[in-house]
Amino acid sequence: MGANIYKNKKPLVLFLVPALIFMTVFLYYPFVQNILNSFQQISSLGAANKGWNDPWYENYIKMFQDKHMRTALFNTVVMMAVTIIGQVGVAIVLAVLVDNIKKGAKFFRTVYFFPIVISATALGLMFNLIFLYDKGMINQLLEMFGKSSLTDWKDSSHALFIMMLPVMWQYVGFYFVILVTGLNNISEELYESASIDGATKWQKVRFITLPLLRNVICTCVVLAVTGALKVFDLPWVMFPKGMPLGKTWLTGTYMYYQTFNTKNVDYSSAIAVLIVVLGIITSKVVNKVFKEADY
Amino acid sequence: MKKKLTALLLAGSMVLSLAACGGGGSSKEEGDSSETASLSVTTTFAGEDGNAQNYKNAIAEFEEKEGIKVNDSSATSDETFKARVETDFQTGSEPDVLFFFSGADANSFIEEGKVVSIDTIREEYPDYASNMNDDLIAASLVDGEKYAVPVNGYWEGLFCNTAVLEAAGVEVPGADYTWEQFLADCEKIKEAGYAPIAASLGEIPHYWWEYSIFNHTSTETHLEVPASTDEGNGPGWVEGMEDIKELYEKGYFPENTLSAKDDETFAMFTSDKAAFLIDGSWKVGGIAAACQSDPEDPSTLDTDKLDNFTVTYVPTNGEREATDLIGGLSMGYYISAKAWEDESKREAAVKFVEYMTSDEKVALFAQHTASALKEAPEVNEEDFNSLQIKSIKMMADVTSLTGAVQDVFSDECRVSTFDGMPQIVTGEVSAKDAVQEGLEIYAEQNAE
Amino acid sequence: MKKTKFSGCTVLIYIILSFWALTTIYPIVWIIQNSFKAKDQILADSFSLPLGNVFTLSNYKTAFERLDIFSAYRNSIVISTTVAAVVILLAGFAAFALVRYYFKGKGALQSLIIAGMMFPVFSTIIPVFRMLNSWGMVNTENLWLSLLSVALPQIAGNLSFAIVVLSGYIKSLPIELEEAAYLEGCNAVQIFFKVIMPLAKPSFATVAIFSFLWSYNDLFTQMFLLRLPEQRAITRLLNELTSMEGTNYGLMAAAVALVVIPVIVVYIILQKHIIKGMTAGAVKG
């Protein structure tokens, strides 16, 4: 293969070192600090530590016993499935569709980007107003269609779904842009020669587009599941503190809660460590699933 | 490739050129400021705070009068802000003057001795804060010393929508409002088709929590956190939670109180759907704004609409009188030890605090809320709207102001009873267990 | 070229695409229309247009009073552009190395980079703050030091994501072009600038826009490091919205509208680089 060009490893240092320096100084070193914190007693963000926990792994045991943590993990796994299907899946469909039309492609590409740009607080407010119990947009529309009683969209039976829906919707544009970028790589000629052989549009998509997109899709899925572990701003604005009754916790929101609300920073550091570990594991799994794509 | 490189170069040169202009500018500034003294100040008078504009004006006046430059890093008080202040003290980058909470939030830096007490300041400046009534200045939880000079305070009372009360045939409560009368009134209001109480138990149960407990303690003992549910105020706390549960079971809270946000339930109150609202003095502005066609412009006030609101005393079913309210002065100006020990800053810092806590300034900031002034200046009724006047009248007959025990009951302790309020009122968790959990955490924290 | 048949299939495609477009455009419209309404009107009725009496400019007036909008824009743009530019360069280098070179510990390094993506910003901020403080970059009166102090951690934070996306893209570039360049006598660095960068331009543009966006929207870091009024960035407006009384929704809508505009502009500019057709010629090589 082309490995000959790159046998000389000297330039390797030049390429890797700058990025690594930045990441070590500003990410890894602070995170090591974070790991240490999870073994100590710290109350609020910024306070000094008050000595080691007793026993030092106390927070980790707490995590396994914490009922809310279990809810959070379960919900987050559901969220991962939602993001894979709802964000990446929908984005793939949209990207392929946009790729196959002539007029208006640019318009759609521009417009699909909008949701990511708006801050979570504003989006949260908008969705709160849409799902508002009294005079919310959805309830008003339903009333117009003749439904008599008001639905509380934020009660236990609907909460999880309503929380995941906006998160799902917001980031479709993100994966859409990445996928569109990937679609660039597929040469026109492949499609043309397939046309000459008599392939239909659907066949072209299935046998050319999707396989060649495999690497990019893999990237997207990795980003999606790791994102599900971290997401907190939009769910928090709509469903603060795991309302109602602690049913809507996600790993991201629960960690935020432990940092700022219950002022239990050492416990939240432990949760952060868990999130990182889960992130690495899931991304490895995803990569294995998509492995055959290596050229 | 060329395009990319040019883009990068352009960006780079843009940054550099801006840096050049900026660099030139800032070195000029620094040249100036090394001649005039400068003071770094952080307060919470920013953003939407009612006094943000007053504060900005006061700083401008001060800078002109004394020739001292004020570097103002004020920001809205939220959790990020508190974290930032604490981190500043930890890393030695604290401000010279700080306007901050005087309760549990200040513990960390008081414990480390990073701020000077008022007594220490008075050794050098005997007149410091002499216009304040010392008894009303909050003592720190750490060592009982006083550190922060207060400006404005707050009270919590019962706001009423008199239009709704009239429609339900209920009289506006007075100074001798009892719990039984309250329950009877709520029943009437409910039957008339309104929500008796506007509150979001899922988001902000704070005020009901406070008063329900207050109803079973007394003004002397209210701030004592019991060691367990069987000692001291313990049983009172449990009864308080059960009172709220009773109200919930009777349906006096809005239907969606467990999942609605506070803004929603407040809107119910201002749009004549609910009768009672327990909230603080800061809400007066909010209610007035709800009656203005342009919330930013007080001259658009619909006075007739505002006249439908009043504020009065909170019903009692215990030792306290209805006229004993929760309130106090929970924030104040600190001077950091760092500034105090710096000869060049000491004088400036003291001058600044004295300026901001002068009679004139305090009256401007405090208005219809509470203050620690020994002699409050006269109130000119024309400067205030009808709700503010009613508040001032109510405050005149208040028999006492007791601090809120939730201010000493830290966030961690509050989890089981605040965040867990929905579980308590639906019976999922017993009031006794929830209270016990919170008290245990408190005991643990204070055992050190 | 493909034939443009006006088939039922095409119509269906347009319907689906338009439906989604509606859902993405509507929030922007909603925010802009609400920014012209007084705050209490919004809670009462947020979905109608601000016509007649309801229309007001007071929210924007307040926004301009609270913050020096133009210097805030300048600050935000300086920080975010710096972040985007540095990220592209460094991540490009690193991604290229990770994809084309084989070395010991490559797998571990890749895991480490994924790990870097997972760290939430508030778990790293305190140590970062301490470090920046010991370098004298915190709480200074110097505007440029403050802006730089924000840019540095943000560059680091975006590197992981950038490396992941760029690696994915570079991996699928056919190696023939690089081989050709090598045969012409280019060393690795030259190959990077002459072959990889142009070919991967769409991916670089994508990474640039997202790094810009995330740096721009990162209010948390800014709150810690940008204190004085002249240092503040435009997202600071979003911090000015709440008080004891609750949120000022009118101001929020205006603030969001003001914050969102530059990003959309930058995206429209960069979007040109993401369009298909730019690389069609190069691949033939």
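Which residue of E10(B) does Phe101(B) stand opposite? Phe101(B) faces Met331(B). The structure is a predicted model, in which local features need pLDDT of at least 70 and side-chain atom pairs count only at pLDDT 80 or more, while totals for chains, interfaces and linings use all residues. Residues are numbered from 1 along each chain as its sequence is written, and chains are lettered from A and ligands numbered from 1 in the order in which they are written.

Strands (E, at least two residues) and helices (H or I, at least four) are DSSP runs, numbered from the N terminus, and two strands count as paired if DSSP finds at least two bridges between them. Strands of a sheet pair through backbone hydrogen bonds, either parallel or antiparallel. In chain B, five strands form an open sheet with mixed pairing, in the order E2-E1-E3-E10-E4. Strand E2 (69–72) and strand E4 (149–150) of chain B stand at the edges with a single partner strand each, so one side of each is left without a neighbour in the sheet. Helix H14 (residues 343–356) of chain B packs on this sheet, touching strand E1 (38–42), E3, E4 and E10 of chain B. The direction of H14(B) makes about 50° with that of E1(B). Here a contact requires that the C-beta atoms of two residues, placed from the backbone, lie within 7 Å; axes are lines fitted to C-alpha atoms, for helices over the stretch in contact, and angles run from 0 to 180 degrees between N-to-C directions.

Chain A has 14 helices and zero strands. Its C-alpha trace spans about 70 × 70 × 30 Å along the principal axes. The contact between chain A and chain C takes 77 residues from chain A and 80 residues from chain C. On the side of chain A, helix H1 (residues 10–37) of chain A gives the most, with 15 residues. By class, that side has 51 nonpolar, 21 polar and five charged residues. In this scheme Ala, Val, Leu, Ile, Met, Phe, Trp, Tyr, Cys and Pro count as nonpolar, Asp, Glu, Lys and Arg as charged, and the others, Gly among them, as polar.

The axes of helix H8 (residues 156–183) of chain A and helix H10 (residues 201–217) of chain C come within 9 Å and cross at roughly 165°. That makes H8(A) roughly antiparallel to H10(C); angles under 35 degrees count as roughly parallel, over 145 as roughly antiparallel, 65 to 115 as roughly perpendicular and the rest as oblique. The crossing of H8(A) and H10(C) is right-handed, the term for a near helix turned clockwise from the far one by less than a right angle, with anticlockwise giving left-handed. Val177(A), Ile178(A) and Thr181(A) of H8(A) make the contact with Pro202(C), Ser203(C) and Thr206(C) of H10(C). These residues comprise three nonpolar, three polar and no charged.

In the second pair, helix H3 (residues 67–99) of chain A packs on helix H1 (residues 8–34) of chain C at an angle of about 125°, with the axes 10 Å apart. Leu94(A), Leu97(A) and Val98(A) in H3(A) meet Ile13(C), Ile16(C), Leu17(C) and Trp20(C) in H1(C). The contact of H3(A) with H1(C) has seven nonpolar, no polar and no charged residues.

Within chain C, helix H3 (residues 58–66) and helix H12 (residues 249–271) pack at about 70°, with their axes 8 Å apart. H3(C) and H12(C) are therefore roughly perpendicular, and their crossing is right-handed.

Confidence remains to be considered. The predictor gives the complex an ipTM of 0.83 and a pTM of 0.78. By pLDDT, the predictor's confidence in each residue from 0 to 100, chain A has a mean of 82, chain B averages 83 and chain C averages 82. The pLDDT is below 50 over residues 1–34 of chain B. In chain C, helix H13 (residues 280–284) has the lowest confidence, at a mean of 35, and residues 276–285 of chain C lie below 50. Where pLDDT is low, the predicted coordinates should not be read in detail.
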